[in-house]
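Biologist: Hi, could you walk me through this one? I'd like to go over the side-chain contacts and a bit of the sheet.
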Amino acid sequence: MNDSAAHGHDNRTVLLRGGEVHSPADPFATAMVVEGGSIAWIGSEGAADSFAEGVEETVHLDGALVTPTFTDAHVHTTATGLALTGLDLTGARTLRDALDRIRAHAAVRPGDRVLLGHGWDTTGWPEGRHPTRAELDEAAGGRPLYLSRIDVHSALATTALLDLLPGITRRTGYTEGEPLTRDAHHAARERAHGSLTTAQRAEAQRAALEHAASLGIGDLHECAGPDISGEDDFTALLALAAEEDNGPRVHGYWAEPVTSAAGAARIRALGAVGAGGDLFADGALGSHTAHLTAPYADAPHTGTAYLDAEAVAAHVTACTEAGLQAGFHAIGDGAVTAVTQGVRAAAERVGLDRVRAARHRVEHAEMLTGQTIAEFAEFALTASVQPAFDAAWGGAEGMYATRLGTERARTLNPYAALLRAGVPLALGSDSPVTPLDPWGTIRAAAFHRTPEHRISVRGAFTAHTRGGRRAVGQDDAGVLVPGAPADYALWRTGDLIVQAPDTRVANWSTDPRSGTPGLPDLTPGGQLPVCLRTVVAGRTVHARPNE
């Protein structure tokens with residue numbers, strides 16, 4: 001691929017030609033014209049000749065694929081950046097490996113007031129246990145260390161960090177010798193993240209935004225809140241993304257209950273587009289804090305309910321009346337039921353049409369039933385889901401089966417049923433819980449470990465592009481058609497095909513008469529597409545070196 005300029009298009013007119021343009025406007029398009037921040041034309045190579053003389057730049061695609069940029073609909077940006085630049089234990093395969101990584105990190109960060117790490121998961125460790133506090137104290141050299149589990153719903157802490165938290169042993173969620181959960185975890189996380197300097201925080205945020213841009217991601221939904229990150233972190237991220245204007249857009253969600261017009265106004269004053277994201281109705285399966293209707297298979301309880309139906313109803317009612325999008329984190333079937341019951345109560349108070357028009361959201365929505373899926377459709381709730389969860393923890397031998405038993409585990413993440421019911425889907429990663437990885441996310445949805453939950457590559461692609469933009473009310477974005485925003489990415493990939501769980505659909509879709517544009521072959525084990533360039537609003541925010 002070559003062109004006459006390496007950086008942002010700004011207000012120029014640009015012709016891209018000689019590639020494959022993924023567009024419903026023309027399934028056989030090979031060229032595209034961009035004027036400033038909008039797409040002006042899409043069509044064939046022959047017709048592109050008529051534009052060649054009048055443009056200010058021509059990009060010769062050399063067969064590259066052009067797609068809309070992706071939207072990751074659930075991200076924790078600062079935590080993602082810290083994992084990218086610091087102590088990341090997601091790759092640790094044993095307890096010993098994890099402790100070695102902690103020692104190495106402590107040695108190279110002598111000035112950090114609190115050492116921060118993320119990603120431990122004992123599920124596959126041969127030792128079958130987490131580090132003891134004594135082991136952590138030794139590995140960290142006696143320094144304060146905060147170490148979040150991979151699901152970020154529990155954490156380990158050294159003695160030096162606990163000593164900074166008066167009364168921590170009396171908080172809910174503190175059990176001697178066990179990971180911190182609930183209030184104890186929130187207190188430790190707040191203290192640990194509060195130790196970051198302004199420069200450290202900005203470094204982490206820039207690292208996350210640059211990494212997202214390198215993956216063809218043009219928009220991120222930041223899911224923040226008082227139990228996740230402070231207001232300073234949230235507002236600094238929004239300001240950084242807006243001021244520097246050289247990376248993905250950030251749409252901020254603030255997870256704080258709203259019960260009045262004044263509360264809604266406060267959320268808006270922070271710069272948030274909605275009062276949702278990780279407004280916790282429950283916790284996570286890995287940490288045994290997801291709220292279930294029947295006990296865990298490996299623990300004698302049903303998890304933790306943070307919100308009941310009445311609290312959900314109050315929040316949805318206040319947000320709907322204020323014209324503000326509401327949302328909840330709900331994973332277990334108990335939590336999902338509380339959310340749908342609460343939304344129903346809100347609809348009875350303010351009217352079903354108003355609730356539907358608000359496009360309220362549910363994050364994760366893993367343990368669904370036929371009834372709750374129907375209620376999602378009835379209330380037009382967007383399901384903001386993370387297919388990589390199934391890739392990481394699904395299957396007969398995975399963590400879900402350990403926590404729930406095989407039969408219940410097989411019901412999780414039913415994407416096909418959601419789409420059949422007409423529920424809007426928006427795909428994301430929950431990074432750093434699972435990595436930013438758009439094509440890997442689509443692969444996980446298309447090759448779900450439970451075959452009946454699989455959806456087509458095209459359906460998953462739409463949910464990861466257009467679905468995320470629709471979730472924030474931008475119905476004209478996330479697709480390459482004339483008049484749409486010039487948000488696109490260029491990819492080096494192999495042959496384009498149509499992949500669907502039903503071979504009859506796949507076979508018809510490859511017939512030229514169907515007019516179905518192809519997408520990369522995402523069969524597990526194959527190489528995923530490589531991002532060559534990412535353009536947001538006509539401005540190049542990432543260009544792969546030497547391409």
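Biologist: Which residues do ring pairs link into a cluster?
Modeller: Phe70, Trp439, Phe461 and Trp491 are joined into a cluster by ring pairs. Keep in mind that this is a predicted model.
Biologist: Noted! How many aromatic pairs does a search of the whole structure find?
Modeller: The search gives 10 aromatic pairs. In one of them, the ring centres of Trp41 and Phe51 are 4.6 Å apart and the planes are at 40°, so the pair is tilted.
Biologist: Where do Trp41 and Phe51 sit in the chain?
Modeller: Trp41 is in strand β5 (residues 38-43), and Phe51 is in the loop between α1 (45-48) and β6 (57-60). They are 10 residues apart.
Biologist: And Trp41, buried or exposed?
Modeller: Trp41 is buried, at a relative accessible area of 17%. Phe51 counts as partly exposed, at 27% relative accessibility.
Biologist: What about Phe280 and Tyr306, how are their rings placed?
Modeller: That pair is tilted too: the centres are 6.3 Å apart, with the planes at 55°. Phe280 and Tyr306 both lie in the loop between β15 (274-275) and α10 (309-322), 26 residues apart. Phe280 is buried at 11% relative accessibility, while Tyr306 is partly exposed at 29%.
Biologist: Nice. Switching to charges now: how many salt bridges does a search of the whole structure find?
Modeller: There are 24 salt bridges. One of them joins the side chains of Arg469 and Asp219, at 3.3 Å from N to O.
Biologist: Which residues are linked with them in a network of salt bridges?
Modeller: Arg249 and Asp487 are in that network along with Asp219 and Arg469.
Biologist: Got it. What does Arg410 form a salt bridge with?
Modeller: Its partner is Glu452, with the closest N and O atoms 3.0 Å apart.
Biologist: How accessible are Arg410 and Glu452?
Modeller: Arg410 is partly exposed with a relative accessible area of 36%, and Glu452 is partly exposed as well, at 43%.
Biologist: One more pair, then. What is the distance between the closest N and O atoms of Arg129 and Glu135?
Modeller: In that salt bridge the distance is 2.9 Å. Arg129 is partly exposed at 36% relative accessibility, and Glu135 is partly exposed at 22%.
Biologist: On to the sheet! What is the strand order in the open sheet of five strands?
Modeller: The order is β3-β7-β20-β23-β24, and the pairing is mixed.
Biologist: Which strands stand at the edges?
Modeller: Those are β3 (20-21) and β24 (539-543). Each has a single partner strand, so one side of each is left without a neighbour in the sheet.
Biologist: In which sense do β23 and β24 pair, parallel or antiparallel?
Modeller: Strand β23 (residues 530-536) pairs with β24 in the antiparallel sense, over four bridges. Thr534 stands opposite His542 of β24.

Note on methods
Residues are numbered from 1 along each chain as its sequence is written. This is a predicted model: local features need pLDDT of at least 70, side-chain atom pairs count only at pLDDT 80 or more; totals for chains, interfaces and linings use all residues. Side-chain values use heavy atoms; hydrogens and water are left out. A salt bridge is a side-chain nitrogen of Lys or Arg within 4 Å of a carboxyl oxygen of Asp or Glu. Buried means under 20% relative accessible area, exposed over 50%, partly exposed in between (1.4 Å probe, protein chains only). Rings of Phe, Tyr and Trp (its six-membered ring) pair if their centres lie within 6.5 Å; planes under 30 degrees apart count as stacked, over 60 as edge-to-face and the rest as tilted. Helices (H or I, at least four residues) and strands (E, at least two) are DSSP runs, numbered from the N terminus. Two strands pair if DSSP finds at least two bridges between them.
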